[in-house]
Amino acid sequence: MTTIETDPELSTSPSADWKLEVVVIPVSNVDRAKAFYARLGWRLDADFTSGDDWRVIQFTPPGSACSVIFGNNVTAAAPGSVRGLYLIVADLEAARRDLLDRGVEVSMPFHGAGDVHAGPDEPYLFGSNRISGADPNRGSYSSFASFSDPDGNGWLFQEVTTRLPGRIAGGGTTFASQAELAAALHRAAAAHGEHERRTGGHDENWAEWYADHIVREQAGQPLPS
């Protein structure tokens, strides 16, 4: 047996990027699954077949760098056995309304029960206890809603407005979609309105204040006051 020792002084950062690009989900009826994910408004990237024994379909959610794949003979997992697939959104209610308008059944918003993590509900990041309604403090990472595909593969929306420190790689502020940028501008506008009320006057440097707020929020840094 060969023992490989690691140098503790080596950098903990990999020398190459590792991009999570595909998640495989198990389905029982490929055409039914294709119709469902198309109804979500996701982009259809591929539908490849080879006879009756193999088929692979790929969809990508709006603004996502990661896609989902399903089909015939692409996974040995039981149909509907995948749970805890998280879709990060900047506005939970807007995401729910979008799917409801598309005829997709989505749960009401819910949040965790503080330090109580055991309960009768289906487990998610905050345990198996789901409290009705969005997080009262509307804390980032704390509000959820859930839905399932026709086989029962489980998806969750998680509202994230301010990233924890270190969650955004260096290289500048970026947005995955127009909707994400618009949501950041709305939050900056609301915060700037409070700023002007505190100062008692119009801020002529509002554009710089907005920019500072957006960059700090995405990087998980203290917001401007």
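**Burial, core, sheet and ring pairs**

User: Is Asn 129 buried or exposed, and what is its relative accessible area?
Analyst: This is a predicted model, in which local features need pLDDT of at least 70, side-chain atom pairs count only at pLDDT 80 or more, and totals for chains, interfaces and linings use all residues. Residues are numbered from 1 along each chain as its sequence is written, and side-chain values use heavy atoms, with hydrogens and water left out. Buried means under 20% relative accessible area, exposed over 50% and partly exposed in between, with a 1.4 Å probe and protein chains only. Asn 129 is therefore buried, with a relative accessible area of 16%.

User: Where is Asn 129 found, and which residues does Asn 129 touch, not counting residues up to four places away in sequence?
Analyst: Helices (H or I, at least four residues) and strands (E, at least two) are DSSP runs, numbered from the N terminus. Asn 129 is found in the loop between β6 and β7. With contact meaning heavy atoms within 4.5 Å, and residues up to four places away in sequence not counted, Asn 129 touches His 111, Gly 112, Ala 113, Val 116, His 117, Ala 118, Gly 119, Asp 121 and Tyr 124.

User: How many helices and strands does the chain have, and what is the run of elements from the N terminus on?
Analyst: The chain has four helices and nine strands. From the N terminus on, the run of elements is β-α-β-β-β-β-α-β-β-β-β-α-α.

User: What percentage of the residues in the chain is buried?
Analyst: The chain contains 225 residues. The buried residues make up 34%.

User: What is the order of the strands in the open sheet of four strands, and which are its edge strands?
Analyst: Two strands pair if DSSP finds at least two bridges between them. The open sheet has mixed pairing and the order β1-β4-β3-β2. Each edge strand pairs on one side only, and these strands are β1 (22–24) and β2 (43–50).

User: How many bridges join β3 to β4, and at what angle to β3 does α1 run?
Analyst: β3 and β4 run antiparallel and are joined by five bridges, with Val 56 standing opposite Gly 71 in β4. Axes are lines fitted to C-alpha atoms, for helices over the stretch in contact, and angles run from 0 to 180 degrees between N-to-C directions. Helix α1 lies across β2, β3 and β4, and its angle to β3 is about 10 degrees.

User: What kind of ring pair do Trp 42 and Trp 155 form?
Analyst: Rings of Phe, Tyr and Trp (its six-membered ring) pair if their centres lie within 6.5 Å; planes under 30 degrees apart count as stacked, over 60 as edge-to-face and the rest as tilted. A search of the whole structure finds 16 aromatic pairs. In this one the ring centres are 5.2 Å apart and the planes stand at 85 degrees, so Trp 42 and Trp 155 are edge-to-face.

User: How many residues apart are Trp 42 and Trp 155?
Analyst: Both Trp 42 and Trp 155 are buried. The pair links distant parts of the chain, with Trp 42 in the loop between α1 and β2 and Trp 155 in strand β9; their separation is 113 residues.

User: How far apart in space are Leu 87 and Glu 159, C-alpha to C-alpha?
Analyst: Leu 87 has its place in strand β5 and is buried, with a relative accessible area of 13%. Leu 87 touches residues that include Trp 42, Phe 147, Trp 155 and Phe 157. Leu 87 and Glu 159 are 72 residues apart in sequence, and their C-alpha to C-alpha distance is 8.6 Å.

User: Which residue in the turn of the hairpin of β8 and β9 has a positive phi?
Analyst: β8 is mostly covered, as five of its six residues are buried. Six bridges join β8 to β9, which run antiparallel, and the bridge partner of Ser 148 in β9 is Gly 154. The hairpin has five residues between its strands, and the turn residue with a positive phi, of about 100 degrees, is Gly 152.
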